[in-house]
Amino acid sequence: MKRLLPLMAGVVLLLSACGREDLSTLNPQGPVAQKQFDLMTLSISIMALVVIIVFAICIYVLIRFRRRKGDKSVPKQVEGNHTLEIIWTVIPIILLLILGVPTINTVFGLAKDYSKDPNAVQVTVTSHQYWWEFEYPEYGIKTAQELVVPTGKKIQFTLASADVTHAFWIPSIGGKIDTNAGTGTTNKLFLEFPKEGVFKGKCAELCGPSHSLMDFKAKAVSQASFDRWVAAMKAPAVLPEDSKIKDALENKCLSCHAIGENNAGSSAPNLTGIGSRQTIGGILYNDEPGKSVESNIKEWVTDTQKVKPGNMMPNAGELGLTQEELDGIAKYLADYKLDY
Ligand SMILES: [Cu+2]
């Protein structure tokens, strides 16, 4: 037992999702996740009840009717019993109804489409290897890796993929749903965030070598804060004062990335307000000891393949960025914060 303790402690840590944000479906933080959790609880309870009763009867029969020493007689042969047959047909039907009615109700309830609801916030999600793009068509803004949503509203997602199939999942809020590739079709999902906070999202469909690193954040804020964020996102970007850094940024970054109102490039994550994001690349935390937005941007750009193997971003060498340019761009981006 003593030897098993460390192993069990490890398993508990593993199962309790030891990251900083809750990545557990077992601790729902919104009504969608709550309904999914309730369904799980209901079906596991019913199944557990059936297992316990069946095993109890089995064990009882094995012991009570076992062949005793010296007993060579053939037991009474019984075939067919109407009462028993009715019982073991009716009980499963009742159990299936108890399981089926709420399941169908919830599944259809959660498939509701709020695309036309004027009170819902519309978000178009495009998944890429290995990052997430969030577009708010009503506001004309695009962001990446950090989804910002107001609390207390329905958030209607319309999802598709730019390359291979991924799946959008915020375990403690709800989901998941595939983002399909190449079919021209979109999937829909609505979620609700009753509480302010940061919730971790994951890609839930094996999509390549950095699949497990394809994290994102969902940041739920008050309506007033959300409105300030939208305004800040729409405000014109102030480009670096130093013309050398500005040129490097424009020529080497903005051909793929967009910043502020500069929407020239959009094949890579939108960088507007990247200085206020919690992570760089969705996985390098800016608030860890010894780390900062600036150091993480440098770490990322210096060797993008080391951070996220298989991703599409060229590294500093391939981009022909000098150390001075990299330092200047990292500092500029780190200072590019949004107030909201
Ligand atoms: Cu994936």
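The following is a conversation about the predicted model shown above.

Q: What kind of model is this, and how are residues numbered?
A: The model is predicted: local features need pLDDT of at least 70 and side-chain atom pairs count only at pLDDT 80 or more, while totals for chains, interfaces and linings use all residues. Residues are numbered from 1 along each chain as its sequence is written, and side-chain values use heavy atoms, with hydrogens and water left out.

Q: How many helices and strands does the protein chain have?
A: The protein chain has nine helices and 12 strands. Both are DSSP runs numbered from the N terminus: helices are H or I with at least four residues, and strands are E with at least two.

Q: Is the chain compact or spread out?
A: The radius of gyration is 27 Å, well over the 20 Å that the globule rule gives for 340 residues, so the chain is more spread out than a compact globule. The radius is taken over C-alpha atoms, and the rule is 2.2 Å times the number of residues to the power 0.38. Along the principal axes, the C-alpha atoms fill a box of roughly 100 × 55 × 35 Å.

Q: What share of the residues is buried?
A: Of the 340 residues, 39% are buried. Buried means under 20% relative accessible area, exposed over 50%, and partly exposed in between, with a 1.4 Å probe and protein chains only.

Q: What about contacts between residues 24 or more positions apart?
A: Such residues account for 63% of the contacts with a separation of 6 or more. A contact means heavy atoms within 4.5 Å.

Q: Turning to aromatics, how many pairs are there?
A: The count comes to 13 aromatic pairs. Rings of Phe, Tyr and Trp (its six-membered ring) pair if their centres lie within 6.5 Å; planes under 30 degrees apart count as stacked, over 60 as edge-to-face and the rest as tilted.

Q: Which class do Tyr 332 and Tyr 336 fall into, stacked or tilted?
A: Their ring centres are 6.1 Å apart and their planes at 45°, so the pair is tilted. Tyr 332 and Tyr 336 are both buried.

Q: Which residues does the ring cluster link?
A: Ring pairs link Trp 132, Phe 134, Phe 157, Phe 168 and Phe 216 into a cluster.

Q: What is the phi of Gln 145?
A: Gln 145 has a positive phi of about 65°, although it is not a glycine. Gln 145 sits in the loop between β3 (141-144) and β4 (146-150) and counts as buried at 7% relative accessibility.

Q: And Pro 171, buried or exposed?
A: Pro 171 counts as buried, at 2% relative accessibility. Its place is in the loop between β6 (166-170) and β7 (174-179). Leaving aside neighbours within four places in sequence, its contacts include Leu 23, Ala 33 and Lys 200.

Q: Where is Glu 205, and what does it touch?
A: Glu 205 is in the loop between β9 (197-203) and β10 (216-221), and counts as partly exposed at 29% relative accessibility. Not counting residues up to four places away in sequence, Glu 205 touches Thr 165, His 166, Ala 167, Asp 178 and His 211.
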